[in-house]
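This briefing is for a reader who is meeting the structure for the first time.

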Amino acid sequence: MNKKSQSRILNRVLIELKTYSFKIFISLICALATVYLTLRIPILTGQAVDCIVAPGQIDYDRLIQVLKIMTVTIAATFFTQWIMNRVNNDITYSVTKSLRDRAFVKLQHMKLSTVDSHPHGDFVSRIVSDADTFADGLLMGFTQFFTGVLTILGTIYFMLMISVKIALIVIIATPASLLLAKFISEKTYKFFGEQAKLRGTETSYIEEMISGKNIIRNMDYEDDALERFELMNDRLADASMKATFYSSTVNPSTRLINNIIYAAVGVFGAIMAIGGGITVGGLTSFLSYASTYAKPFNEISGVITEFQNALACAARLFEMIDAEVEVDEGETTIPEVDGEIQFNDVFFSYDKSKKLIEHLNLNVKSGQRVAIVGPTGAGKSTIINLLMRFYDVDAGEILVDGVDIRDLSLEDLRSKFGMVLQETWLKNASVRDNLRMAKPDATDQEIIEAAKATHAHSFIKRMPYGYDTILSSVGGSLSQGQMQLLCITRVMLNIPPMLILDEATSSIDTRTEQKIQSAFNKMMKGRTTFIVAHRLSTIREADVILFVKDGSIVEQGSHVELLQKNGFYAKLYRSQIENC
Amino acid sequence: MSFILTYLKKYKIRAILAPLFKMLEAIFELLVPLVMASIINKGIASSDTHYIIRMSGVLLLLAVVGLVFSLTAQYFSANVAVYAAAEIRRDLFAKILSLSQGTKEKIGDEVLTTRITNDINQIQNAINMVLRLFLRSPFIVFGATIMAFIVDVKSALIFLLVVGVLSLIVFIIMKYTLPRYKTIAARLEKVLHATSENLEGARVLRAFNQVDKEKKGFEAKTGELASMQISTGKISALLNPVTYVAVNLGIVLLIYVSMRRVDGGYILQGDVVALVNYMSQILVELIKLANLIVLLMKAFPSADRVQELMEMKSDERMHLNSTGNMQNENAGSIQLSNVSFSYNGTNDYDVEDITLDIPAGSVLGVIGGTGSGKSTLLKLMNHTYDASKGQVSIDGIDVKSMTDGELSNLFGIVPQKASLFSGTIKSNMTMKKQDAGDEEIKAALNIAQALDFVEAKEGGINAEVSGKGTNFSGGQRQRLTIARALVGQPRILVLDDSASALDLATEAKLRKALHSLPWKPTIILVSQRASSVMDADQILVLEDGKAVGLGTHSQLLESCDTYQEIYYCQFPREEACNE
């Protein structure tokens, strides 16, 4: 990240934090007070020590006075520190929550093309870990930085107050400590980079081997796989060793410099004390400052890395929050949809440098069935993506009952379609809640009826808690076919005027498929339906067949028309028939 | 947890030396206030400049020796942590490879990956920190107390009081916060699941206009998380201020008591300074110790999870002693007698009562819908799973008495999902037979209809393959996995629905090539398509795990309802599938 973008992000972060300006103000005041009070303690301790010189040389009254002030100071520190910690927690966790919520809301409206083209794990890690790192790093880092700087300035001030000469010794030695820390952290940075790289390689190897484990076993390849792993693992261990060790030298090394300063202060202080230039108590305070002086320097250098890291995380979150959303500007509504659909000279492609759909014209009359046919991966789902406005056309228009679908609100458009996809998706919720997605106010009776129609009722009943069984997204006990039946039931509960069935029965065995055929027929009756399927029986009955090849529609017409045309469809049909 | 100790055993000496050197470093640190005290007591009091300079020389020496000890300790602890963790990682990887397919699927790929990466990283970090701090911090705390006793017994009693109070504070706060950290982790996990579920279901959720509901659900989850974090934060925010107060009030008390001791002539002014210094050291180390405990609490669950996996049975399949009948020359006939199998071990069988005799060199077609048990049946044949009931034998020998190596030599398997490994085409082809020559590989590629596109690639058979083979199209990948199975000329060739991504012309060529393999292997063809299995010597029709038909195409067409259904659905006649 360069300086310019860093400052841009920092600006953005500051805007984010505006809501919390009062709390931040409180936090800063508390930090200031805490630093001041904490630094007062060594002075007071020194004053107390000066009251205790030798037997008979005790200034009792003054000592009690000093101890009283100390007690009050300690009590005050307790409150300022406690309030600061609480306020900081509050800010941190609220900011994290707000960022997470906003990023999540964004996911709901983000362009599908972004969702499809982006690894999901990355979005998840932005919402989960980046939000954490950001809040922790930024706010904790900020307070640490702030208190660190204040502590350094305060220490210098108090040291100068006690003795300018000795203070100068400490201040002159400061750069040495800083340079050493910088030198070591630059070295370790390189080793950490190396470690991260090797770790990444090893992780992808592990993932690959685990996912291909069955093949490895079938091939009796375990020993070779392990051998390769060992090589990687050894290299990683060596890099890790370097990174871990070198990074762990920072503290001892700066401690050495600190100890040297301590010894120097000890000598000069003691010699000065002989001449009466400083009291023993003054020397005590000084030594106490000298021993804690280096700590904030270490912290600050750590904070800067953390801070940069936090900004990088913030950038990733903002990128997500700022992602382009679906265009949803339509205001027209169609109260009663007939289901007449027109594609007028539609152009579309996912990758704008590669042509896909061009000059697509299509006229679907109300209640017609449209079958989309073609080899796997040819882009049959593209038409569905366009209809549901998961993607928008590049040129041309799609009309429903004569209205451009971009003039409808997304919610209105999508509520007019019932959709069952090949890839079944069910929420991690009860069966009932999953089915109610289509109709939030559906009664139990309605739900059971719909499930009976799709022959899902019998297996739902056999589940541990029937309709209240929670469908866990991981390791579900349902078969693909059963999940598909649930998805069909979901649509059956509230059938919209138009339907999209994308390989809706691909996982359902032939028997069950025939059993639910009547329910399907009832569902499709009078409704404009788009079907993606590979079973010829389903396709033949369609009013219009679209043959899709390499992303574009190469043929369209009825079964009979296409057979006469003797093109791709006819070839496909015959290739299956002639095997008889 | 305990298993980590067995790994540390190997590094026993280093694992003992690391904390030992840390302790030495601590001793040197503990000496500093004593030296300072004598500078004040002797040097300043008697105006002895030489003494002061000598003593500060001692201070410098202590600092340098302390650094050497500290660096040595850091080196040893990093060394032990990193290499012990590397060994754990290696053994865990070997363990994962040895897990049976059933166990692996039960645990899940992602979980396995997390165990071997994140969990072991946590362990590594924890070992390192424990070696560095776990002895040092208590040692400084107790060492400082002991030093205080050396300086003055009466004043040192305050140390006992303060250490007692501090331990109690840390204990109480930890007791309240640690379980809450677990809850926080669990709630964060919920946020994670909600996010990834939402992404997976993007289309469906939008189609059903679920945006508001999803938003509310998510906000409830982040709300629960944040409120737990804030309430835990309230307690942990106390840790610093309370310990600060305890130690500093201790100092106030200490000064008051030592004032009486000085007045009585028991101790000197410098001793007071030393006592105050020891008290301050306790505070610093106690905070470090508390942080270490939090770190350990995070690492413990990781260690437990890794151990659980380590202790899992590698292979729960049954292995009989080899009968010794295993010959080099296998014919490749397969017999199944009354074989049943269920994944969850109940009587609800996923494959039920299958009896089958596949003669060597014959072709068996297996057909049935998704979930009818086709792939499971294949996995029973090569002993990926143990049959729950019945027996599977090859050339009359129970598969349980064959080793996995023998079985893998017998079988060439093309899985349903065509997946390759990163490397080169050649490294993929030679997985089973490492000494396979280029000619042999090319012959296999040729049969699999893959030679043309491989030779067109830059590098030919040495062309690069990226992870899972994503730099090849689905159809190309499928042909490569077929070729991979053919290398080594296995006696039994299994194709699990592995021509689905091929166009019809290529599929036909492939089928022809497979039927005329020179070494005449037994071929098992699994498909959902009737056209793929029609020519087989016998066809097994599966439905819900049961064999509902076995015979040739024409026999089944007459006798088997399910086969007819499948067949006529795919090859419609006028009357079929319309009712």
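**Helix pairs, domains and chain contact**

In this predicted model, helix H6 (residues 136–151) of chain B and helix H10 (residues 269–310) of chain B have axes that come within 8 Å and cross at roughly 165 degrees. Angles over 145 degrees count as roughly antiparallel, and H6(B) and H10(B) are therefore roughly antiparallel to each other.

- The crossing in which H6(B) passes H10(B) is left-handed.
- On the side of H6(B), the contact is made by B:Ser137, B:Pro138, B:Ile140, B:Val141, B:Ala144, B:Met147, B:Ala148 and B:Val151, while the residues that H10(B) brings to it include B:Asp271, B:Tyr278, B:Glu285, B:Lys288 and B:Leu292.
- Sorted by class, the residues of the contact of H6(B) with H10(B) are 14 nonpolar, 2 polar and 3 charged.

**The pair H2(B) and H3(B)**

- Helix H2 (residues 12–44) of chain B and helix H3 (residues 49–98) of chain B have axes that come within 8 Å and cross at roughly 165 degrees, which makes H2(B) roughly antiparallel to H3(B).
- H2(B) and H3(B) cross in a left-handed way, and the residues of their contact comprise 21 nonpolar, 7 polar and 5 charged.

**Domains of the two chains**

- In the domain assignment of chain A, domain 1 takes in 1–163 + 305–324, domain 2 takes in 164–277 and domain 3 takes in 341–577; the C-alpha centres of domain 2 of chain A and domain 3 of chain A are 57 Å apart.
- Chain B is divided into domain 1 (2–152 + 267–310), domain 2 (159–240) and domain 3 (334–570), and the centres of domain 2 of chain B and domain 3 of chain B, taken over C-alpha atoms, are separated by 49 Å.

**Spans annotated in UniProt**

- For chain A, an unreviewed UniProt entry lists residues 20–43, 63–84, 138–160, 166–184 and 260–287 under "transmembrane region".
- Among these spans of chain A, residues 20–43 are 96% helix and 0% strand, with end C-alpha atoms 35 Å apart, and residues 63–84 are 100% helix and 0% strand, with end C-alpha atoms 31 Å apart.
- For chain B, the "transmembrane region" spans listed by UniProt, again in an unreviewed entry, are residues 20–40, 52–71, 133–151, 157–178 and 237–258.
- Residues 20–40 of chain B are 100% helix and 0% strand, and their end C-alpha atoms lie 31 Å apart; residues 52–71 of chain B are likewise 100% helix and 0% strand, and their end C-alpha atoms lie 29 Å apart.
- The UniProt annotation "domain: ABC transmembrane type-1", from an unreviewed entry, covers residues 16–298 of chain B, a span that is 94% helix and 0% strand and whose end C-alpha atoms lie 24 Å apart.

**Contact between chain A and chain B**

- Chain A brings 117 residues to the contact and chain B brings 124 residues.
- On the side of chain A that touches chain B, helix H3 (residues 60–109) of chain A gives the most, with 22 residues.
- By class, that side of chain A has 61 nonpolar, 38 polar and 18 charged residues.

Terms used: Residues numbered from 1 in each chain as written. Chains lettered and ligands numbered in written order. Predicted model: local features only at pLDDT ≥ 70, side-chain atom pairs only at ≥ 80, totals over all residues. UniProt positions renumbered as here; feature names shortened; annotations may be inferred. Helix = DSSP H or I, 4+ residues; strand = E, 2+ residues; numbered from the N terminus. Domains from an automatic or database assignment. Axes fitted to C-alpha atoms, helices over the stretch in contact; angles between N-to-C directions. Parallel < 35°, antiparallel > 145°, perpendicular 65-115°, else oblique. Left-handed = near helix turned anticlockwise from the far one by under 90°. Nonpolar A, V, L, I, M, F, W, Y, C, P; charged D, E, K, R; others polar. Contact = placed C-beta atoms within 7 Å.
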